[in-house]
Amino acid sequence: MNITIIGAGYVGLVVATCFADVGNEVVCHDLDDDKIARLSRGEVPIHEPNLAPVVTRNRLAGRLRFTTSDALAIGHAGIIFLAVGTPPEGDGSADIDHVLAAARSIGRLMERPLLIVNKSTVPVGTADQVRATVAAALAGRGVDIPFDVVSNPEFLKEGMALQDFMKPDRIIVGAESAHALGVMRQLYAPFSRNHEKFVAMGTRSAELTKYAANAMLATRISFMNELAHLAGQLGADIEAVRLGIGADPRIGRQFLSAGIGYGGSCLPKDVRALIRIAARHGQHLRILRATQEVNDAQQHLLFERLASYFNGASALRGRSIALWGLAFKPDTDDMRDAPSLVLIRALLAAGATVRAYDPVASGQARRLLVAEHGEARCAASVLFASSAQEAVEQADVLVLVTEWQEFRSPDFRYLASTLRAKAVFDGRNIYDRAVLDAAGLYYEGIGRTDDRQGRAAHP
Ligand SMILES: NC(=O)c1ccc[n+]([C@@H]2O[C@H](COP(=O)([O-])OP(=O)(O)OC[C@H]3O[C@@H](n4cnc5c(N)ncnc54)[C@H](O)[C@@H]3O)[C@@H](O)[C@H]2O)c1
């Protein structure tokens, strides 16, 4: 089939590549000249494991092309996916301007019947707005070309995006016509061979399903983070509790890790957007508001722990804090809403300096911090180290922020010999206190037995 994907970001590029890889002729369109130029000469502008060779394979086979031309993109296909960004507005609502702009271009340029598939995460009712926008553009041209609008939210995880798209848990398709559903079934058949993954529903249900999934995941994380505080107070270990409850199939093991709060390009914005959607309909989503409140507090936890370790935030002035990991999770360079940014902002405000290392996200982090603090302040306060070892040299303490594989088994004796205050703050509970104790390091995790809050409660 001929397919066009509008938006060549974390989602659009993966979707375009995977559809091309099963034999479709795909054009991927973006407004960003630089992104399209890089993709066209064989560079992949994001870090996503295993993506680059599959992009190259399909680009060289001529099945995957990149363009900034609306006319070429819209003229190419009978199926057009919208995979543009839906960033948060000031009040947390999802901004669907990019979606509607793409819909207007389609209405202005389409010459044949089309299936328009929305993959972006959008408020309930957006498919209707896309339909109305395209219809208005067609009416403005005085033409009547049939088209369908389908909602097909995406559930891939950055860091596992290719695998998630190729072997999805489920394929949610919201459609109002049997024809549209039939085309979508055919399109997704290669990804649904093992067992039936297709879940058909109305467009509004599909739009809500995406928010509901992210809201549930965020709530599990906040629940465990809140419980971690209690575990620390009671002298229990949240890691043991996690294993204990995760073994129950009604609960499951995923998304139960206590840590420094959820971040990234989806959970924070989708939780806020769903709260806004409900508020506009007079509903106060109490559980989700609590989820967000717990998360906001959790993102400040490491800073509070550091301040308390040094006997007050003012004592952080002049301290050098090493950070391992900046991206919101391993295997991505995505820094959108990364908890590391909350910590760095607080440390800089307290007068500390930061020595940060991330295997792939330092460039993105530097861009964001320079935009916030200016080049000179950033250069004076944040060193972007080129290795984990360089980050800890001359640092007072180490904070593990993102659990990249390469941080899992460091040389603790070396850390004890190089960290001036000989302390490790583990924001992801990946280390074993006994091992660090033996190496002569002070250790704090999140909700672990003998974290200081636990000791205070248990003399
Ligand atoms: N990133 C994820 O893990 C993920 C997972 C599931 C769903 N989503 C959702 O998918 C959507 C896209 O997310 P993303 O992370 O890929 O965003 P992104 O910011 O990485 O990419 C969006 C791209 O769309 C382009 N764009 C914007 N307006 C355009 C237009 N009118 N025409 C052509 N290109 C245009 C931008 O230049 C950008 O390259 C969002 O709604 C997001 O919530 C994201």
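Helices (H or I, at least four residues) and strands (E, at least two) are DSSP runs, numbered from the N terminus. The views below show a predicted model, in which local features need pLDDT of at least 70 and side-chain atom pairs count only at pLDDT 80 or more, while totals for chains, interfaces and linings use all residues. Residues are numbered from 1 along each chain as its sequence is written, and side-chain values use heavy atoms, with hydrogens and water left out.

**View 1. The C-terminal domain listed by UniProt, residues 322-433.** An unreviewed UniProt entry gives this stretch as "domain: UDP-glucose/GDP-mannose dehydrogenase C-terminal"; such annotations may be inferred rather than shown by experiment. Over residues 322-433 the chain is 38% helix and 17% strand, with 19 Å between the end C-alpha atoms.

**View 2. The shell of 24 residues around the ligand.** The shell divides into eight nonpolar, nine polar and seven charged residues, where Ala, Val, Leu, Ile, Met, Phe, Trp, Tyr, Cys and Pro count as nonpolar, Asp, Glu, Lys and Arg as charged, and the others, Gly among them, as polar. Domain 1 (2-201) and domain 2 (235-457) each contribute at least three residues to the shell, the bounds coming from an automatic or database domain assignment.

View 3. A polar backbone atom of Thr121 lies 2.9 Å from an oxygen atom of the ligand. A nitrogen atom of the ligand is 3.4 Å from a polar side-chain atom of His98, and a ligand nitrogen is also 3.5 Å from a polar backbone atom of Leu31. Taken alone, the ligand exposes 830 Å², of which the protein buries 89%, as computed by the Shrake-Rupley method with a 1.4 Å probe.

**View 4. A binding site listed by UniProt that includes Asp30 and Arg336.** The unreviewed entry lists Asp30, Lys35, Thr86, Thr121, Glu158, Lys269 and Arg336 under "binding site". These residues are spread over 307 residues of sequence and also in space, with up to 23.9 Å between C-alpha atoms. Asp30 sits in the loop between β2 (25-29) and α2 (33-40).

View 5. Lys157 is placed in the loop between β6 (147-151) and α7 (161-166).

Definitions and conventions
Near = heavy atom within 4 Å. Polar contact = N/O pair within 3.5 Å; in protein donor to acceptor, adjacent residues only side chain to side chain.
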